[in-house]
Structure formats: structure tokens, C-alpha cells
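This briefing covers a pocket, a set of paired strands and a helix residue. Please read it alongside the sequence and the model.

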Amino acid sequence: MNAIFWILSEQQQAPAHAKEANVTAHIHYACVLAADLYRQNKKLLIGVENQDQAHIVDDWLWQFEADRFIPHNLPGEGPHYGSPVEINWEPSQQRRGCFVNICQKLPDYVAKLKGVNEWHDFVPNDEAGKAAARERYKLLKQAGFNLTTNQIPDSIV
């Protein structure tokens with residue numbers, strides 16, 4: 001399995017109106033990435049800390065422009081087989097090829113994920129966020145993931 005850690009620079013911030021919605025830079029960029037992955041016809045799971053954070057991500061995805069909209073759902077919502085993008089704080093019952101991690105710690109349910117062969121994670125620019133990302137990186141490496149790091153392009157909004 002492959003894992004990409006996306007590094008946020010100090011200049012990369014969430015849009016100004018995001019703070020009112022409790023959306024951090026890494027949540028914003030995770031949603032932007034999810035939209036890009038969806039446009040590549042990938043089914044994905046956005047892993048969040050808890051139900052409250054799931055609602056924040058859900059609400060934020062509704063703020064995207066119409067041309068960047070992605071069909072998404074929380075557990076139990078949407079069609080029987082789920083939408084292409086699921087936001088969840090526990091293992092999904094649906095098979096997903098991509099996992100976009102927003103969690104500070106590696107989720108306990110990682111071993112229960114079905115069909116995931118592509119992992120995306122984020123390295124925030126604050127020290128606590130960097131330390132947490134280093135720990136996730138170490139654990140994924142121990143689990144046998146092929147790891148790479150990439151800067152988030154400044155052109156992504």
C-alpha cells in the first residue's frame with residue numbers, strides 16, 4: 001500500500017470564512033484533495049476523529065463551488081451502497097480504494113479498512129501537528145506502507 005503525506009506550508013491556510021466553521025488548513029486541504037480524488041473516479045473514505053468532526057467536514061464540503069462538489073455521506077446516509085465519498089469515524093462497511101486521514105492519531109480501525117490501497121495524510125505547519133504526523137508516519141512505515149512526502153502545491157485553493 002502507498003501512503004502520501006502532504007506537507008502544508010505556513011502560507012497555506014484555510015479560506016478566511018473557514019475559521020467560523022472550525023475548519024483548519026489540513027481539513028480544508030483534505031476536502032480539496034477528496035474532490036480531486038473523486039474527479040479521478042476514486043471511491044474514498046475520509047477518516048475523522050469523531051461525529052462532531054464528521055459534521056464539520058460534511059458542512060465544509062457543501063461550501064465548495066458547484067464545479068467542485070462531490071457526492072458524500074456520513075454513515076447511514078445516502079444510497080444503500082453509499083456515495084463515492086464517505087466521512088466516517090469508524091470502519092466503513094463499504095469498500096474504498098483511498099483513505100484520506102484527518103485524525104491526529106492513527107485510527108484504531110485501520111486494520112479493518114476494506115480495499116484501501118492509497119492513503120493520504122497531512123503534515124500541518126504547527127509543531128504539535130508535525131509531531132503527530134511523524135508518529136503516524138512511523139506507524140504506517142512499520143505496517144509496511146510505501147511512504148512518500150509531497151508539498152501541497154500553492155496553486156491548490
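On a 1 Å grid over the protein atoms alone, a pocket is an open set of points where a 1.4 Å probe fits, with protein on both sides within 12 Å along at least five of seven lines, and lining residues have an atom within 4 Å of a point. The model is predicted: local features need pLDDT of at least 70, side-chain atom pairs count only at pLDDT 80 or more, and totals for chains, interfaces and linings use all residues. Residues are numbered from 1 along each chain as its sequence is written, and side-chain values use heavy atoms, without hydrogens and water.

**Second largest pocket**
- Ten residues line the second largest pocket, and P15, H28, Q63, F64 and E65 are those nearest its centre.
- Its volume, the space filled by probe spheres set on the points, is about 160 Å³.
- The lining comprises five nonpolar, three polar and two charged residues.

**Strand β5**
- Strands are DSSP runs (E, at least two residues) and helices are runs of H or I (at least four).
- From β5 (residues 98–101), C98 and V100 point one way and F99 and N101 the other, and all are buried (under 20% relative accessible area, 1.4 Å probe, protein chains only).
- Strand β2 (residues 44–47) runs parallel to β5, joined by four bridges, and L45 has F99 as its bridge partner.
- Strand β6 (residues 118–123) also pairs with β5 in the parallel sense, over three bridges (pairing requires at least two DSSP bridges); here F99 stands opposite W119.

**Residue Q53**
- Q53 belongs to helix α2 (residues 51–61) and is buried, with a relative accessible area of 14%.
- Beyond its neighbours within four places in sequence, Q53 is in contact (heavy atoms within 4.5 Å) with I27, V48 and I102.

Definitions and conventions. Buried < 20%, exposed > 50% of the residue type's maximum accessible area, 1.4 Å probe, protein only. Nonpolar A, V, L, I, M, F, W, Y, C, P; charged D, E, K, R; others polar.
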